[in-house]
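Me: I have a structure to go through with you. Could we take it topic by topic?

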Amino acid sequence: MRVSSRAPPCRSEAPTPLSPTWAALMITSTCILYVMKRWKIISFTVGEPYAASDGASLVPIGTLLHTLPLSLAYLLYMLASMESVRGVNVPMYATLRRTTVVFTMIVEYLLTGQKYSSSVVGSVALIVFGAFVAGARDLSFNAYGYSIVFIANFTTAIYLATIARVGKSSGLNSFGLMWCNGLVCGPTLFFWTYMRGDLELAMNFPYLYSPGFQAVMLLSCIMAFFLNYCIFLNTTLNSAVTQTICGNLKDLFTVGFGWLVFGGLPFDLLNVIGQGLGFVGSGLYAYCKLKGR
């Protein structure tokens, strides 16, 4: 279950465009939150009853300013993630991205002084070791590509740690954090795509007004909204490290599902062993969390 390293790295010479899809996602997310807030389906603050939620009262300016670090962290995470996929091949990208959990533990320690037990550190080490075993046959070193992926890991760690920290200090729940993030990032991304010319490219897309394309695009934005909500909720209720490991755990199911449905990938024992080690490490971490270690 691997992609041969003989394939060239997925890197292009043209600069990576900042896709208007990101702006569309943020705008769609903000619209969904606004409608749900107006209809008193949700609230934006912790402990506020939904039925008592005033649709005209959203988030104070002071609270919005308090969440600016979250918006900045999201923008950095998004830019670094988009650039990181260009420098290395897909297997090595997946391998290096799994080291994000190490960066997350470091950032949490620097921001909050969070320390972890030896069993948790051991489970994380097992996950990282399994990632490198899975990508052992695809080690094609590229200094620029590796550097960008590690920068993306670092910005991801900052983003998740900021969610956890701002979520505890702002009094906002997951919906409130997403609302503030969308208010800042949506217009910023829209303006940036306009300045780079990506918006004009999107408007000239031949299938832009096709009902099928619009339906798929809308469903993609809605699914991304629920995905972001799960990320915010899991990070605020648990921790940034837990969210990172959950992201690693889903890779096993993604690879297995893709192999069963699409096929065409050669069997590789090292890849299977590496995926298995990552799964065991994730399960060990979950066990340690349930036991309160």
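Me: How many residues does H3 have, and what does H3 reach from its first C-alpha to its last?
Reply: H3 has 17 residues and reaches 24 Å from its first C-alpha to its last. That is close to the 24 Å expected at 1.5 Å a residue, where the expected span is 1.5 Å times one less than the number of residues. Helices here are DSSP runs of H or I with at least four residues, strands are E runs of at least two, and both are numbered from the N terminus.

Me: What are the ground rules for the model?
Reply: This is a predicted model, in which local features need pLDDT of at least 70 and side-chain atom pairs count only at pLDDT 80 or more, while totals for chains, interfaces and linings use all residues. Residues are numbered from 1 along each chain as its sequence is written, and side-chain values use heavy atoms, with hydrogens and water left out.

Me: Is H3 mostly covered or mostly uncovered?
Reply: H3 is mostly covered, with 12 of its 17 residues buried. Buried means under 20% relative accessible area, exposed means over 50%, and partly exposed lies in between, using a 1.4 Å probe and protein chains only. Among the buried residues of H3 are Leu-70, Ser-71, Tyr-74 and Tyr-77.

Me: And the chain as a whole, how many helices and strands?
Reply: The protein chain has 12 helices and 0 strands. Of its 293 residues, 42% count as buried. Contact means heavy atoms within 4.5 Å; among contacts with a separation of 6 or more, residues 24 or more positions apart account for 83%.

Me: Which residues have the most contacts inside the largest nonpolar core?
Reply: They are Leu-33, Phe-44, Tyr-74, Tyr-159, Ile-163, Leu-177 and Phe-232, in a core of 33 residues. Two or more residues each come from helices H1 (20–38), H3 (68–84), H7 (143–170), H8 (174–196) and H10 (211–237). A nonpolar core is a set of buried Ala, Val, Leu, Ile, Met, Phe, Trp, Tyr and Cys residues joined through side-chain atoms within 4.5 Å. A second, separate core has 10 residues, including Met-105, Val-120, Val-124 and Tyr-285.

Me: Back to Phe-44. What does Phe-44 touch?
Reply: Leaving out residues up to four places away in sequence, Phe-44 touches Leu-33, Lys-37, Leu-58, Val-59, Leu-172, Asn-173, Phe-175, Gly-176 and Trp-179. Lys-37 lies over the face of Phe-44, at 5.0 Å from the ring centre. For that label, NZ of Lys or CZ of Arg must be within 6 Å of the ring centre and within 35 degrees of the ring normal.

Me: How many aromatic pairs are there?
Reply: The count comes to 11 aromatic pairs. Rings of Phe, Tyr and Trp (its six-membered ring) pair if their centres lie within 6.5 Å; planes under 30 degrees apart count as stacked, over 60 as edge-to-face and the rest as tilted. Phe-44 and Trp-179 are stacked, at 5.4 Å centre to centre and 25° between the planes. This pair links distant parts of the chain: Phe-44 is in the loop between H1 and helix H2 (61–66), and Trp-179 is in H8, 135 residues apart. Phe-44 and Trp-179 are buried.

Me: Why is the pair of Phe-225 and Phe-226 edge-to-face?
Reply: The ring centres of Phe-225 and Phe-226 are 5.3 Å apart and the planes stand at 75°, so the pair is edge-to-face. Phe-225 is buried at 2% relative accessibility, whereas Phe-226 is partly exposed at 48%. Ring pairs also link Tyr-74, Tyr-77, Tyr-159 and Phe-232 into a cluster.

Me: New topic, H5. Which residues of H5 are buried?
Reply: They are Thr-100, Val-101, Thr-104, Met-105, Val-107 and Glu-108. Seen down the axis of H5, these buried residues fall within an arc of 170°, so they line one face of the helix. The arc is that of the directions from the helix axis to the C-beta atoms. H5 is followed by Gly-113, whose phi is positive, near 75°.

Me: Which residue has a positive phi although it is not a glycine?
Reply: Lys-40 does, with a phi of about 60°. Lys-40 lies in the loop between H1 and H2 and counts as partly exposed at 42% relative accessibility.

Me: Last one: is Asn-181 buried or exposed?
Reply: Asn-181 is buried, with a relative accessible area of 3%. Asn-181 is found in H8. Apart from neighbours within four places in sequence, Asn-181 is in contact with Met-26, Leu-70, Ser-71, Tyr-74, Gly-186 and Phe-232.
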